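Hello,

Here is the structure for your files. My notes on one of its sheets follow below.

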Amino acid sequence: MFTLKRAPFNLKSSAWLLFLKHPIVSNSQCTFSVWAKTIFPRTAVHRLRNMASNASSNQKPDMKRSKPPKETLRHVKTREQRKNVGLHGPANVYVQVLGAGSRDNGPSLYVFSEYNRYLFNCGEGTQRLMQEHKVKAARLDNILLTRMNWQNVGGLSGMILTLKDTGVPECVLSGPPQLENFVDAVRVFSGPLDEIKIAVRPHTDPQYSDNTMTVNQVPIFAKLKGVGQRHSPSPTRNSPRHSPLRELRRPMDGAGGIAEGREERAASPGGGQRDSRDPSLVVAYVCKLHPKKGNFLVQKAKELGLPVGTSAIGPIIAALKDGKTVTYGGKEIHPEEVCTPTDPGPVFIVVECPSEEFIQPLCTNQVLSRYQRSGAEGSAALVVHMTPESVLENDGYKRWMERFAPSTEHLILNEQVCTVHNVRSHKIQAQLNLIHKEIFPELKNCTTKDKQASLHVPNVRAECLLKFQLRPKFEWQRDAIPMCDASEFVKEAAELPAFMKEVDECKQQVMDLTNKAGREGKYPEVVFLGTGSALPMKTRNVSATLLNISPNQSVLLDCGEGTFGQLCRHYGDKVDEVLTKLSTVFVSHMHADHHTGLLNLLLQRERALDSEGKPFSPIYLVAPGQIMPWLHQYHDHCQEILHHVNIIPSWFLTPGVEAPRQKTKSFIQSMLKKCDLERFQTCSVRHCKNAFACSLTHRSGWQLVFSGDTMPCDALVDMGKNATLLIHEATLEDGLEEEAVEKRHSTTSQAIDVGMKMNAEFIMLNHFSQRYAKIPIFSADFSDKVGISFDHMSVRLSDFRILPKLNPPLKALFAEEIEEMEERREKRELKQMKEAAMEVPLNGRAVGGASDGAHAGPSKREPEEEAADMNNKRLKVS
Ligand SMILES: [Zn+2]
Ligand SMILES: [Zn+2]
């Protein structure tokens, strides 16, 4: 069972730290360390870990061995010095747009000062944007949420795991009090988050102050019409001590007979807690920068005869900066003569007004009105509106905006944006598109049908990376906004040696093939939406594959964070139509890179059904039963979600197992019928507990097998005998078999081998470690039956012949990366050989020679790895 303990958290505010020991899944993201080493240079990760361990142990840091870099020391020192000292506000502060509020990148803001980093809202894809645009997460210590809604918190679980794994010691979440429950819910699949202190500072806490600014949380409560009436019972109808299992059955109407119910009951935290969901609350933020003393004007001081350049000047500067008049050489010198004026500290406000029901309470809020024209606090410098056009168009909201001073800047984030966020994705796709126009279709944008509101105050529409600088001076800065020019990307590729030649040859070969057979048979079509592992990165997003079975039926295989965004960029304005065809989602296992995009998909699907005028129906969710505690926690405390799913626990689709409940049986039958499937089978695979692969056999005869994450697995080979297509994970390159065993993944050749044993007609590899971001290393086992997947790649059965022909132009396009990876491999192999050679004298044996050395390799490396592991554990424990 779990324990919930509240303990005071050693931060300046009265934030509280929640300790919840509740491990279900030990590794929350597949092969984290792989990407961590890729994304965060070794030194940075080590530095952070060292900082964390030094801070909490009494040992003096060994300055020789783990000397913290200068910058960090200075940073810490300055922080110390500045504590409790007035007029020492930050010198550099800016507010920067990350997600501009488009459908695929919800609104999020990054605020930078030399002392602190803040993130306002953390929707899905936020960390992918930060990674792509080099906005460092490593120093992020405050995440502020305006509302308990997936749009704002969808990327938070991934972000917390990333912060934890990169060694950020503590992070404070501000906003709705349900954030505590949200963090508990995340723990359902993340396992314990012991290495990072996650504190929640609810809006009910007093204002908070750090080295940069004072933050006031302003709760706005709306009177919502019809809340809780539609799908789920109101909190009052729940027994305060309901059992999670009972809770599970009620909305699920049997919940498909949870054979894994025992685990589920034990697993579900929050049992005994009353539902706390509150969609009527949004939190606005009033942030006031600390005042900053004026600058001392050296030239002016010299002109006035002050002893500049001598030791006597120190106290004089201090006095003048403090606003005192100084007499020097019989002359009275006033501060304004030699100092710029003190900056009292500008205010910026962040508000979300999601719907009309919030307009009245927002516009009459007393705290916010203090920063308007006639308010007591002076005008706000900037108001950030996370507000849809329908609300902006409202006269009440317009009048409220007009009540701010003419000097107040207004920044608007909503779906009415015209900005490209994921430039790298567009770039690679524009280049791949040169190789094959249909297999690598051009990416699209989602446009909104909303008309842009006509506002009476000057305002600025958000763009990705647009900045508003608050210090040293107010200024809009557009230089960071990324450019996305497809013709440039194409030009760049065309200039690569041999690329266009390979493309031409490939096109000729493809033409010869398609003249014979044609690229026909549109269905089934496999659209790879996410082909990377561990966490969303600029080139490859995490696991998701869409299987379009027929013009009106689709199944999604895995649904990592950002899957909906990938759908938006793949289908553009057709995304709603695509979502309405989706009836079934398979989630292979509970690692975050395979399921944290599910909730958005469900919510967006509901919106799509509504806008396409189709009746709502739940989705068939084939997943480990362990997904239910997560969905329940989220449903109970954050947002209604349970009515979206008809759960079919994966276990009941394994051979020889029969679902005990009629309800589950009928779900299975309806799902098969809906998808025109003869069979939907699963099997347990060798990865983590409750990890499954699946096999779908269509009535017309084709069979698709999807491995999920796994080491080579005989049960999978059996299940997929003579399959038409095997999609198999190939996380690591050949030569990293040991690492593959350790992380319970497959290497390229192992994946191919499984396909050969299975006698699969074709094998598509995916789930590549992010160290092979652009392209994995080709193994010697590649044959005409093997293809490499890319995000946004669309494959039909008739493409199997074509796919191997794409390899030469792919190799030419990524020649530089392939060369780098091969160099790395050679270095690694050389190192292994050297280690193997050194092993001999260490063992005190007289045997030598290269061949023995090669044998000795593993035995030498093992203790080393153990030592490295121990080191990591020690750091983790501390
Ligand atoms: Zn996994
Ligand atoms: Zn994975």
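β26 and β27 (residues 692–698) pair in the antiparallel sense over seven bridges; strands are DSSP runs of E, at least two residues, numbered from the N terminus as helices are (H or I, at least four), and two strands pair if DSSP finds at least two bridges between them. Threonine 682 has cysteine 694 of β27 as its bridge partner.

This is a predicted model: local features need pLDDT of at least 70, side-chain atom pairs count only at pLDDT 80 or more, and totals for chains, interfaces and linings use all residues. Residues are numbered from 1 along each chain as its sequence is written, and chains are lettered from A and ligands numbered from 1 in the order in which they are written.

The two strands belong to an open sheet of six, ordered β26-β27-β28-β29-β30-β31, with mixed pairing. Its edge strands, β26 (677–684) and β31 (786–788), each pair on one side only.

β29 and β30 are parallel, with five bridges, and glutamate 729 is partnered by asparagine 766 in β30. β30 also runs parallel to β31, joined by three bridges; there methionine 764 has glycine 787 of β31 as its bridge partner.

Five of the five residues of β30 are buried (20 or more other C-beta atoms within 10 Å of the residue's own, C-beta atoms being placed from the backbone; exposed means 12 or fewer, partly exposed in between). Phe762, Met764 and Asn766 lie on one side of the strand, Ile763 and Leu765 on the other.

For the whole chain, buried residues make up 47% of 878, and there are 31 helices and 32 strands.

Regards
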